Amino acid sequence: MGLSSSLVPVASALLLLCCCFTGWNAAASASGGLRLNYYSESCPRAEQIVKEQVRSLYEEHGNTAVSWLRALFHDCTVKSCDASLLLETDAATGLVSEQASPRSFGMRNFKYVGAIKAALERECPGTVSCADLLALAARDGAAMLGGPAPIAMRTGRRDATESHYGEVERYIPNHNGTVSAVLSRFGSMGLGAEAVVALLGAHSVGRVHCSNLVGRLYPAVDGGIEPAYGAYLRGRCPTADAREDTRDVEYARNDRATPMVLDNMYHRNLLKGRGLLLVDQRLASDPRTAPFVRKMAGDNGYFREAFAAALVRMSENGPLTGGQGEVRTDCRFVNAK
């Protein structure tokens with residue numbers, strides 16, 4: 001999902017976050033239970049442990065870094081950054097995992113969350129929440145992919161005791177949706193157009209499964225796709241009958257030039273008609289988002305700064321804090337009573 005050596009100053013990222021994003025003041029008060037260095041006394045090495053585990057996993061399984069970014073997006077977008085995404089289906093209690101939703105298709109590497117959590121539990125049993133684990137892993141995963149670092153991230157999230165499976169479809173934007181729908185969904189989290197264009201820049205890493213692309217390729221290639229790129233995509237997805245339930249799923253890379261680097265290649269590709277998903281390409285033509293696409297395409301430093309700020313803001317969407325929820329000892333299951 002090499003690397004740029006430039007670092008994004010934390011102060012600049014936080015200034016951008018505080019001053020430029022719609023709805024920040026209201027959102028900040030809603031997440032008032034979070035703070036920097038939350039575990040400084042209860043588990044001083046918590047953030048370092050997550051960073052070490054993320055790095056170790058990345059060195060063995062590079063795509064895990066991409067997985068942490070997508071996992072945080074899915075977790076935070078569906079109501080709250082509360083690690084509800086990590087709960088597994090439990091027939092005994094009737095809980096259905098959010099991972100079972102069609103919108104979660106293609107998500108992977110959940111099994112490695114257990115490795116990070118186990119390291120935390122060995123150091124500080126029952127202390128660090130799975131919700132904070134996800135947020136920190138996404139931050140550190142972005143760094144592994146050459147994205148902005150360091151990013152100051154507040155912690156103190158608590159874990160949900162229920163799944164939001166029934167609401168995933170309503171909360172996760174459709175990849176064929178309109179820009180208005182996407183802006184509305186993110187706007188409810190206090191994120192404006194600039195932040196949306198920055199966050200979707202995460203599509204610079206990873207891949208898109210053919211089942212999400214064939215609608216733009218068959219029976220004819222979407223006119224908004226660069227012809228040569230359309231031919232390449234048809235080569236990657238040779239049939240309109242792309243299914244989601246096969247073990248070896250066909251896919252196309254979001255970015256052929258730097259496929260595992262979190263950079264502004266996504267935005268540069270949009271200006272050339274190389275957006276994979278329909279909603280991606282629409283960003284380049286909608287007057288509310290197009291100026292930000294052009295600016296990020298021309299300035300990778302600006303993209304990194306905006307992405308860092310947007311990631312922090314998204315990670316603070318409606319967290320459970322204080323006496324809400326719990327701190328799970330196993331991220332897959334609610335604690336036994």
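This is a predicted model: local features need pLDDT of at least 70, side-chain atom pairs count only at pLDDT 80 or more; totals for chains, interfaces and linings use all residues.
Student: Which cysteine is joined to Cys124 by a disulfide?

Tutor: We call a pair of cysteine sulfur atoms within 2.5 Å a disulfide. Here Cys124 is joined to Cys43, with 2.1 Å from S to S. Cys43 lies in the loop between α2 (24-30) and α3, and Cys124 in the loop between α5 and α6, so the bond ties together parts that are 81 residues apart in sequence. For these names, helices (H or I, at least four residues) and strands (E, at least two) are DSSP runs, numbered from the N terminus. Cys43 is buried as well, at 0%.

Student: How many disulfides are there in the whole structure?

Tutor: A search finds four. Counting bonded cysteines along the chain, their pattern is 1-4, 2-3, 5-8, 6-7. Among them is Cys130 to Cys331, again 2.1 Å from S to S. Cys130 sits in helix α6 and Cys331 in the segment after α14 (300-314), so this pair links parts that are 201 residues apart in sequence.

Student: And how do I read the buried side of a helix?

Tutor: An α-helix has 3.6 residues a turn, so residues three or four places apart point the same way. In α3, the buried residues are Ala46, Ile49, Val50, Val54 and Leu57. Looking down the axis of α3, they fall within an arc of 130 degrees (taken from the directions from the helix axis to the C-beta atoms), so they line one face of the helix. They pack against α4 (64-77), α5 (113-123) and α6 (130-144).

Student: Where is His203 in the structure?

Tutor: His203 is in the loop between α9 (193-199) and β1 (207-209). An unreviewed UniProt entry annotates His203 as "binding site"; such annotations may be inferred rather than shown by experiment. At 24% relative accessibility, His203 is partly exposed. Contact means heavy atoms within 4.5 Å, and, leaving aside neighbours within four places in sequence, His203 contacts Asn254, Tyr266, Leu277 and Asp280.

Terms used: Residues are numbered from 1 along each chain as its sequence is written. Side-chain values use heavy atoms; hydrogens and water are left out. Buried means under 20% relative accessible area, exposed over 50%, partly exposed in between (1.4 Å probe, protein chains only).
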